[in-house]
Amino acid sequence: MCPYKGDEAAAGTCRPRPPVPRPRAHPKGFGRSSRSGAVSVPAWLVDEMLGRLARYLRFVGCDTAYVRGASDDELLELAAREHRVLLTRDRLLSRRCPSGFLLESPVLAEQWRAVRAAWPALPTEVSFLRCTLCNGPLRERAVDVALSADPGLPPPVRSGSAALFACRDCGHLYWEGSHTAKVRERIAAWERGELR
Ligand SMILES: [Zn+2]
């Protein structure tokens, strides 16, 4: 099953709107304007409490490391070694990390908007660049004989008229479908200020 499916199933629990966090300045050296004026989006490291946010950052093509079971020291070391911004809900950890960025809200929509407020260049369109399971890069894959007969793939993908992508690292397959449309709708709703 394509992992782009199903994520929307977790959508839509509306909770009381918490205070909107004030956008903080970018962690030093990350995502600042370049000489050309373009604003870069950093690579992310997402703590264990933000797994759903990690998936959405991958949906829009961001290089997003998500490590479960790591100690704070291991997260700090990884953020420094790979020059990643650490998105965390842990206030103490965010203070210890030079590239730490605290997300105070437990609500996914609010977390998304807090990141967007601090990094306006964050993509908002679903793109087939990163595996949502493992963060590996996706590459377009030709449909071979076996795939052309795979009943798990929609007919346009089997016939080669719609693109098919595969993760370089884990081999998982991705394609455009109703599931990606729902992810797009959800991100668009967040951009409008909705909480779904
Ligand atoms: Zn993968």
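Here is a short chat about the sheet and the nonpolar cores of this predicted model.

Biologist: Happy to start with the sheet: what is the order of its four strands?

Modeller: The sheet is an open one, and its strands pair in parallel. From one strand to the next, the twist averages 25 degrees. Read across the sheet, the strand order is 2-1-3-4.

Biologist: Which strands stand at the edges?

Modeller: Look for strands with a single partner, because one side of such a strand is left without a neighbour in the sheet.

Biologist: Which residue is the bridge partner of Leu 87 in strand 4?

Modeller: Strand 3, residues 84-88, pairs with strand 4 in the parallel sense over three bridges. Within strand 4, the partner of Leu 87 is Phe 101.

Biologist: Nice! At about what angle does helix 2 run to strand 3?

Modeller: Helix 2 covers residues 72-81 and lies across strand 1, strand 2 and strand 3. Its angle to strand 3 is about 145 degrees.

Biologist: Which element gives the largest share of the largest nonpolar core?

Modeller: That core has 31 residues, and Val 46, Leu 53, Leu 86 and Leu 87 touch the most other members. Elements supplying at least two residues each include strand 1, helix 1 and helix 7. The largest share, six residues, comes from helix 4.

Biologist: And how many residues are in the other core?

Modeller: This core lies apart from the largest one, and Phe 128, Cys 131, Leu 138 and Tyr 174 are among its members. Its residue count is five.

Key
Residues numbered from 1 in each chain as written. Predicted model: local features only at pLDDT ≥ 70, side-chain atom pairs only at ≥ 80, totals over all residues. Pairing = 2+ DSSP bridges. Axes fitted to C-alpha atoms, helices over the stretch in contact; angles between N-to-C directions. Contact = placed C-beta atoms within 7 Å. Core = buried A, V, L, I, M, F, W, Y, C linked by C-beta atoms within 7 Å. Buried ≥ 20, exposed ≤ 12 C-beta atoms within 10 Å, placed from the backbone.
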